[in-house]
Amino acid sequence: MRRINIIGLIILIIAALLALYSFIKFKSTSDNEAPVITGADEQLEVSVEDDESIFLEGVSATDDKDGDVTDTMVVEKLSDFNEDYERIVTLAAFDSSGGVSTAKRKIKYTDYRQPHFSIKEPLIFTASTTDFLENIEADDCLDGDITSNISFSSKYEVTTDVAGDYDMELQVVNSAGDVAYLPVTITISNDDVVPLIYLEDYVVYVSKNGEIDYEDLITSVSYSGMDYDVSESGVGDYNIGYSEFTIDDSEVNLSKVGNYVAIYKLSIDNSKKGIARLNVVVED
């Protein structure tokens, strides 16, 4: 019996030693440390044209077991703009044991601009019109065409069965969470016997202290079922000279960033004056 107890004790000791050896070996070969990412603390300036891979520029990752794992790095997430128009990109690196580490980096665009609107037709509508966005588009330097994101803000509303001018505000948002606004005037009119002034676009964007050729924006006029060309001389049938238009840009300040309106007016054969509003956006 005593011999059996000794043998059992020896087996127990051997099992304990084997377990201790396995534990030590596991600790020495296992990877409990995630990769270390360096270089992400430096803000990166990029162009809106750059691919997301540039966010990894100057950043590296090393692992205590695998060594250099920079080639495993990916862009995990890109935030919306903060109040300083910076974005935070989250980078991730992996090791062969499945360890993951992340780091955040500030991104600043050198050539970003807010989304731009384009209005291709006069914002003059008949009573009971419901689709006021039909001829309004928007483009963005990050996303391209974002027309589908356009809406009216809730600040104003239109009484569609009552003629008059209504102040409204367009808004559009891009994938970076930046919202651009444009105040506009919508006209509900029951009078179709006034000249309709067509412009190349009813929104123009200009840099601060820039210039606008108001006459060059006029493309044509429609009145009483007839279409009129517009030229410098105004000579010929169905041709109107620029001098026939009254253009009031007194409220436009090209030296100050902001939204302004220039007013075009035209009367044909003593008709009521047709009015077109050009929305002028002065940018930095």
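L78 has V89 as its bridge partner in strand 6. The model is a predicted one, in which local features need pLDDT of at least 70 and side-chain atom pairs count only at pLDDT 80 or more, while totals for chains, interfaces and linings use all residues. Residues are numbered from 1 along each chain as its sequence is written, and side-chain values use heavy atoms, with hydrogens and water left out.

Strand 5 (residues 74-78) pairs with strand 6 in the antiparallel sense over 4 bridges. Strands here are DSSP runs of E with at least two residues, and helices are runs of H or I with at least four, both numbered from the N terminus; two strands pair if DSSP finds at least two bridges between them. Strand 6 (residues 86-94) is mostly covered, with 7 of its 9 residues buried. Buried means under 20% relative accessible area, exposed means over 50%, and partly exposed lies in between (1.4 Å probe, protein chains only).

Strand 6 is also joined to strand 7 (residues 100-109) by 9 bridges, and these two strands run antiparallel. Within this pairing, A103 in strand 7 is the bridge partner of L91. The two strands form a hairpin with 5 residues between them, and G98 in the turn has a positive phi of about 90°. Strand 7 contains V100, which is partly exposed at 41% relative accessibility. V100 lies 67 residues from E33 in sequence, yet the C-alpha to C-alpha separation in space is 9.0 Å.

Another set of strands forms an open sheet of 3 strands in the order 1-3-4, with antiparallel pairing. Strand 1 (36-38) and strand 4 (67-68) are at the edges and have a single partner strand each, so one side of each lacks a neighbour in the sheet. Strands of a sheet pair through backbone hydrogen bonds, in either a parallel or an antiparallel sense.

Strand 1 pairs with strand 3 (residues 60-63) over 3 bridges in the antiparallel sense. In this pairing, A61 of strand 3 stands opposite I37.

## Strands 15, 17 and 18

Strand 15 (residues 196-199) and strand 17 run antiparallel and are joined by 4 bridges. Y198 has S220 in strand 17 as its bridge partner. S220 also stands opposite D229 in strand 18.

Strand 17 pairs with strand 18 (residues 226-231) over 4 bridges, again in the antiparallel sense. The hairpin of these strands has 2 residues between them, and S224 takes a positive phi near 50° there.

## Surface patches

Which residues gather in a patch of negative charge on the surface? They are E49, D50, D51, E52, E57 and D111. Patches are made of residues with over 30% relative accessible area and no salt bridge, with like charges joined within 9 Å and nonpolar side chains (Val, Leu, Ile, Met, Phe, Trp, Tyr) within 5 Å. A salt bridge is a side-chain nitrogen of Lys or Arg within 4 Å of a carboxyl oxygen of Asp or Glu. E52 is placed in the loop between strand 2 (44-46) and strand 3, and is partly exposed with a relative accessible area of 39%.

I6, I10 and I14 make a nonpolar surface patch of about 270 Å². Accessible areas come from the Shrake-Rupley method with a 1.4 Å probe. I6 belongs to helix 1 (residues 2-29) and counts as partly exposed at 46% relative accessibility.

## Loop residues

Most residues other than glycine have a negative phi. N209, in the loop between strand 16 (203-207) and strand 17 (218-223), has a positive phi near 70°. N209 is exposed, with a relative accessible area of 59%. D269 also has a positive phi, near 50°, and lies in the loop between strand 21 (258-266) and strand 22 (274-283). D269 counts as exposed at 69% relative accessibility.

Is A176 buried or exposed? At 0% relative accessibility, A176 counts as buried. A176 is found in the loop between strand 13 (164-173) and strand 14 (179-188). A176 and R87 are 89 residues apart in sequence, with 8.2 Å between their C-alpha atoms in space.

Notes: Lys, Arg positive; Asp, Glu negative; His and termini not counted. Charge placed at Lys NZ, Arg CZ, Asp CG, Glu CD.
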